[in-house]
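I wanted a quick tour of this one before doing anything else with it.

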Amino acid sequence: MSDVYILGTDMIKFGRFPERSVPQIAAEAANLALDDAGVSIQDIQAMWSGNLYQASAMVGQRVLQEIGQTGIPVVNCANACATGATAFRDAWLSVKAGVYDLVLAVGVEQMGKGLLGGGGGGKGIPKEGLLGSGLMPAVFAEAGMEHSRKYGTSFEQFAKVSVKNHHHSTLNPKAMYQIETPLEQVMNSEMIAYPNTKLMCSVNVDGSAAAVLASEKKAKELGMGRAVRVKASVLTSDPWQERDLVMPDVNTCTRLAAKAAYDMAGVGPDDINLVELHDCFATAEILHYENLGLCADGEAGRLIDEGETALGGRVPVNVSGGLLSKGHPLGATGIANIYEVSTHLRGEAGKRQVEGARHGLTHVIGLGSACAIHVLEKVA
Amino acid sequence: MSDETPQRPLPAVDYLKLPAEGDPYLEGQKCKACSAIYLGERSQCSKCSARDPFEPVRLSNRGTLYVYSIVHRSFPGIETPYISAIVDLEGGGTVKGNLIGVDPDPEKIRMGMPVEVVYKDALGRKDKEGNAYISYFFQPADAA
């Protein structure tokens with residue numbers, strides 16, 4: 001089977017657009033990606049649309065009702081925070097399988113403000129704050145505390161992740177925020193769920209991102225100049241763990257996906273020049289340094305202390321600003337990560353460019369759980 | 001309101017058992033094939049996929065604090081702060097609940113510390129019919 005290429009990809013600047021519809025927000029990114037690829041929606045053979053909060057509302061078809069109703073197959077995907085990456089992966093699968101030569105993946109979300117998770121519902125009385133917490137800041141705080149328990153990781157080390165990613169976003173005009181947040185500010189901002197303060201929680205924003213994928217044959221026909229090769233696409237779910245019922249495990253499904261992705265790509269963690277990973281909370285980023293093999297188990301605290309994952313470091317992580325500062329529109333996040341890494345591999349990332357990047361990795365987690373990893377490679 | 005005798009409090013979750021005689025306890029469902037323990041009824045094991053009947057087991061009221069978070073921001077109307085705790089029970093089973101009897105301060109909470117399961121009114125929460133509920137909480141074992 002021949003390789004699959006990203007011919008065009010883009011995202012809108014993340015923000016809050018309550019006056020616009022979800023399909024309108026998605027259509028903007030779709031058109032940007034089509035323009036970037038130099039093709040028209042009329043050329044696209046199939047489309048995958050990722051959106052979570054309107055999963056039953058035929059968002060993909062409504063995007064085509066905005067930009068061109070050509071009768072192509074449209075699939076609507078929902079996979080929690082892995083929604084966008086799942087749409088991209090299934091688009092990739094269709095080309096990899098030889099069914100199509102040119103397809104479109106779009107991810108979009110319109111978010112409210114406020115806390116995610118903790119619903120539970122069911123019969124009887126509300127359980128939040130009675131049987132612990134199901135709120136996302138607490139769930140990921142507990143996941144971080146597991147790392148603290150094993151390796152002594154400190155509140156300050158978790159907070160440094162947020163300092164780094166907010167700094168990165170000052171170099172990204174498409175991020176929600178471009179604001180420096182010094183360590184004292186991060187640690188002293190409102191405590192949401194120890195050890196995650198408000199500045200250590202991802203930003204709820206509206207946004208969209210899209211990518212045009214092509215077969216090798218089609219890519220050669222249209223021009224490989226700025227194409228990015230998809231070296232690996234992996235999706236996993238959460239294998240059984242003894243604490244599953246009360247403590248979602250984001251580690252095992254990531255490790256499973258990382259191993260499969262490196263095997264498929266034929267590269268190892270040392271070959272990866274930049275990573276966009278799922279920093280839904282600052283605590284999560286620390287876990288994924290080890291889960292993705294960027295360092296040995298127990299060394300993630302040292303990695304953040306020594307700046308190895310900052311722009312200019314050994315393996316920059318979340319140079320886009322990450323979910324913490326670029327923002328986290330759930331269904332768009334997985335494709336926005338792919339846009340970010342592709343932009344570096346094309347050498348077009350401006351002030352935040354990771355110099356000489358050849359390989360990049362994207363990672364998302366959808367709690368529940370789904371993990372998607374893509375390894376991308378510079379072509380030219 | 002009717003003149004009927006008020007009902008006994010109800011359990012907050014179905015794996016909390018309130019026998020007519022004897023003390024409340026948490027009940028696990030143990031897979032007969034692989035011994036994996038679940039909370040609540042089930043018909044198949046998600047660890048080994050066995051479809052054999054499950055065996056109800058009485059879970060211990062003693063355990064150790066695995067991890068926690070101190071929740072300061074929650075939904076409107078929910079009193080904060082509270083400590084969300086993951087506790088590994090002696091003999092198997094992991095349960096999430098509120099840790100009480102200790103200050104909500106990371107300096108005061110030690111992961112790995114022994115805790116016990118205690119049963120109390122569910123923070124005054126009642127359902128639409130006005131029923132009261134019993135829930136379970138964790139407290140440091142040495143504070144008993």
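The entries below follow the order in which I looked things up.

**Ground rules.** I am working with a predicted model, where local features need pLDDT of at least 70 and side-chain atom pairs count only at pLDDT 80 or more, while totals for chains, interfaces and linings use all residues. Residues are numbered from 1 along each chain as its sequence is written, and chains are lettered from A and ligands numbered from 1 in the order in which they are written.

**Entry 1: the sheet of chain A.** I traced an open sheet of nine strands, in the order E3-E2-E4-E7-E1-E8-E11-E10-E9 (chain A), with mixed pairing. For the terms, strands are DSSP runs of at least two residues (E) and helices of at least four (H or I), numbered from the N terminus; two strands pair if DSSP finds at least two bridges between them. Strand E3 (74-77) and strand E9 (274-276) of chain A each have a single partner strand, so one side of each has no neighbour in the sheet. From one strand to the next, the twist averages 25°. Axes here are lines fitted to C-alpha atoms, for helices over the stretch in contact, and angles between N-to-C directions run from 0 to 180 degrees.

I then checked one pair: strands E10 (residues 359-366) and E11 (residues 370-378) of chain A are antiparallel, with eight bridges. In this pair, A:Thr362 sits opposite A:His374.

**Entry 2: a helix on the sheet.** Helix H2 (residues 59-67) of chain A lies across E2, E3 and E4 of chain A, at about 130° to E3(A). Which residues of H2(A) are buried? I found A:Val59, A:Gly60, A:Arg62, A:Val63, A:Leu64 and A:Ile67. Buried means 20 or more other C-beta atoms within 10 Å of the residue's own, exposed means 12 or fewer, and partly exposed is in between, with C-beta atoms placed from the backbone. The buried residues of H2(A) pack against H1, E2, E3 and E4 of chain A. After H2(A) comes A:Gly68, with a positive phi near 150°.

**Entry 3: A:Val212.** I found this residue in strand E7 (residues 207-215) of chain A. Why does A:Val212 count as buried? Because it has 28 C-beta neighbours inside 10 Å. Leaving out residues up to four places away in sequence, A:Val212 touches several others, including A:Leu7, A:Ala33, A:Val39 and A:Leu104; contact means C-beta atoms, placed from the backbone, within 7 Å.

**Entry 4: the cores.** The largest nonpolar core has 158 residues, and A:Ala30, A:Ala105, A:Val106 and A:Leu213 touch the most other members. Such a core is a set of buried Ala, Val, Leu, Ile, Met, Phe, Trp, Tyr and Cys residues joined through C-beta atoms within 7 Å. Helix H1 (residues 22-37) of chain A gives the most to this core, nine residues. A second, separate core of six residues includes A:Phe14 and A:Met111.

**Entry 5: where the chains meet.** The contact takes 29 residues from chain A and 36 residues from chain B. On the chain B side I counted 20 nonpolar, nine polar and seven charged residues. Here Ala, Val, Leu, Ile, Met, Phe, Trp, Tyr, Cys and Pro are nonpolar, Asp, Glu, Lys and Arg are charged, and the others, Gly among them, are polar. Strand E5 (residues 191-194) of chain A runs antiparallel to E6(B), joined by two bridges. There, A:Ala193 stands opposite B:Val71.

Definitions and conventions. Two residues are in contact if their C-beta atoms, placed from the backbone, lie within 7 Å.
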